[in-house]
Amino acid sequence: MAFEPRFTTLVQVYEQAIASFASRPLFGVKKSGTWQWSTYAEFGAKVDAMRGGLTRLGIEKGDRVAIISNNRPEWAIAAYASYGIGASFVPMYESQQPKDWQYILADCGAKVLFAANATIAEGIAGHLDELPDLKQVVIIDGSSEGCMAFDELVSGESAPIAAVEGEDIAGYIYTSGTTGKPKGVLLSHHNFASNVSAIHEIFPIAEDDRSLSFLPWAHSFGQTVELHGLFSMGGSMGIAEAVDKIVANLAEVKPTLLFSVPRIFNRIYDGLHKRMAEAGGLKLKLFEAAVSTAEQRKRLADQRKRSGWTDFKFNILDGLVFSKVRDRFGGRLKYAFSGGAALSKEVAEFVDNLGIMVYEGYGLTETSPIATANNPSARRIGSVGKPIPGVHIHIDKEATDDPKHGEIVIIGPNVMQGYYGLEEENERVFVDIEGKKGFRSGDMGYLDDDGFLYITGRIKEQYKLMNGKYVVPTPLEERIKLSRFVANIMIHGANEVFNVALVVPDFDTLLPWAQEKGLGSDRAALMQNDAVRTLIQDEIDRYGADFKQYEKPRKVALVEEDFTTENGLLTPKMSLKRRKVMERYGDTIAALYKD
């Protein structure tokens, strides 16, 4: 049966949500130590007023409105007001480099920019001569000369909703630029709306569900699945104060849903194992018993068997151990949605054992973003699920030298309209599959006999060793990062005899270990210490035990500085910028091959 989307535009999503859930809470913001919640009706009134404000600024259908801000109600107000007058919304991260803001603003030709604060606004003000299309900067918090205050735009009369069609462009979402300048992904109202409609078909979300919002809405996963998706279902979102406040905020907001990327789930896994190892004694034994019993219970369930004794033990240990963990997350968390990168099967199973059902999905900014997802009726840990309603997955085996794996090509109403102003790029990524437009993802993977998709790496990250063996480093890197001694890692070996690794140790774990061994606490000295190198190599061998021998790094270089967005070694969505890491540490890596 053909998929019939429930929504055709984000304007339709907005109108139905405001009409259906007017009195329900929507956004929660912590002010002066207290969480304050606004309703759908209050949000709707501000969106209507902002449409009028943007209209007074001369914004018309087809214009671009940009924002540089973390998640906040004003972000959503500006977005839905822009959709309502037929303008395209262009989000950016506060954590991006100023040069990226300037490039994106110039490239898309934004007429209005919403800036989170005066610092951002003043940073842009110094480059207005390079941004001839930018007519007005609006500050959300604070004030600055020549800028308009956000509140000014929501204090006047409204403007009517424009005639918006499905093919109209709702947003320009710029890719992270891991290999060059950011590319503007053109997503239509129909692209977004088809994804939101598919969420209604497969995910168990209700109007009494709540999330803690920390995954940036400037990223397509956070924007579509959480902001648009949860909004369309009448749910509520508490806005996290900051990354380092997520755990505390979880306990306060008490969400039922968690939308996240694997990095956060890895932290949960890693942090809990660290605490238990440090506690030792009875706590560690109970924790290990709880994990073991949960795994045994799952094995029996997979075999369609049950054991009363195993169930009894699990219920006791769940109350003693896992319930305490769930309490740290507010005590109500029942579903976790993971996207943006592959989630380790070990981590997914662990979170599952805690009593939090994990649904992993797959997609890209260019696919709005969901292409496949696990769901209650079709779930297989280790996979990224089956294609969502309306989407088809084609595996192009001609793109690789592997009889099983190939490039993942995505076909469906979620596929972008193209990259803005980049015709050569569009020709490279679009392909005709039986008369339908397909998008070449650049990802490697395969479909099993039941139609579940498995991701095995990025084609552009695949390289060949001197012996002719192909290596895709990402799966092994993600696995090794589960070690409590490893904060970050990059594996390298293109055209070399063997692989090597650049490793950033987790100093919270390494320093206590080093002091216990009498090695001191000087970080620079520890980076050169043979005992530390041996420890890290042992951890690599331990966590990489299931990988082929030639895939594992034989030598390791240790560095103090972590890979972050601030130093330009990670993208805003936490993907590794390999080229940048090589620019900074190329000599260190080359030295590993000199012997």
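These legends describe close-up views of a predicted model.

**View A. The largest nonpolar core.** This core has 148 residues. Within it, F43, F114 and F231 have the most contacts. Helix 3 (residues 73-84) supplies the largest share, eight residues.

**View B. The surroundings of F43.** Leaving aside residues up to four places away in sequence, F43 touches Y14, I18, L26, F27, P73, A76, I77, Y80 and F231. F231 is, with F43, one of the residues with the most contacts inside the largest core. In soluble globular proteins, nonpolar side chains tend to be buried together.

**View C. Helix 11 against helix 12.** Two packed helices are described by the angle between their axes and the distance between the axes. For helix 11 (residues 281-302) and helix 12 (residues 308-328), the angle is about 140 degrees and the axes are 9 Å apart. An angle over 145 degrees would count as roughly antiparallel. Helix 11 and helix 12 are therefore oblique to each other. Their crossing is left-handed. On the helix 11 side, the contact involves L286, F287, A289, A290, V291, T293, A294, Q296, R297 and L300. Helix 12 meets them with T310, D311, K313, F314, L317, L320, V321 and F322. By type, the residues of this contact are twelve nonpolar, three polar and three charged.

**View D. R304 in the loop between helix 11 and helix 12.** R304 is found in this loop. Its phi is positive, near 60 degrees, in a residue other than glycine. R304 has a relative accessible area of 80%, so it is exposed.

**View E. Helix 7 against helix 8.** The axes of helix 7 (residues 189-202) and helix 8 (residues 220-232) come within 10 Å. They cross at roughly 65 degrees. The crossing of helix 7 past helix 8 is right-handed. From helix 7, the contact takes F192, N195, V196, I199 and H200. From helix 8 come Q223, T224, V225, H228, G229 and S232. Four residues of this contact are nonpolar, seven are polar and none is charged.

**View F. The buried side of helix 4.** Helix 4 (residues 98-108) has the buried residues D100, W101, Q102, I104, L105 and C108. Their cover includes strand 3 (64-68), strand 4 (88-92), strand 5 (112-115), helix 5 (118-125) and strand 8 (169-174). G109 follows helix 4, with a positive phi near 70 degrees.

View G. K135 sits in the loop between helix 5 and strand 6 (136-139). With 61% relative accessibility, K135 counts as exposed. K135 and G58 are 77 residues apart in sequence, and their C-alpha atoms are 9.3 Å apart in space. H405 has its place in the loop between strand 17 (392-396) and strand 18 (406-411). At 16% relative accessibility, H405 counts as buried, because the cut-off is under 20%. From H405 to D508 the separation is 103 residues in sequence and 39 Å in space, C-alpha to C-alpha.

View H. The peptide bond from S368 to P369 is cis, with omega near 0 degrees. P369 lies in the loop between strand 14 (357-363) and strand 15 (370-373). E434 is found in the loop between strand 20 (430-433) and strand 21 (436-447). Its phi is positive, near 50 degrees, in a residue other than glycine. E434 is exposed, with a relative accessible area of 80%.

Technical notes
Residues are numbered from 1 along each chain as its sequence is written. Side-chain values use heavy atoms; hydrogens and water are left out. A nonpolar core is a set of buried Ala, Val, Leu, Ile, Met, Phe, Trp, Tyr and Cys residues joined through side-chain atoms within 4.5 Å. Buried means under 20% relative accessible area, exposed over 50%, partly exposed in between (1.4 Å probe, protein chains only). Helices (H or I, at least four residues) and strands (E, at least two) are DSSP runs, numbered from the N terminus. Contact means heavy atoms within 4.5 Å. Axes are lines fitted to C-alpha atoms, for helices over the stretch in contact, and angles run from 0 to 180 degrees between N-to-C directions. Angles under 35 degrees count as roughly parallel, over 145 as roughly antiparallel, 65 to 115 as roughly perpendicular and the rest as oblique. A crossing is left-handed if the near helix is turned anticlockwise from the far one by less than a right angle, and right-handed if clockwise. Ala, Val, Leu, Ile, Met, Phe, Trp, Tyr, Cys and Pro count as nonpolar, Asp, Glu, Lys and Arg as charged, and the others, Gly among them, as polar.
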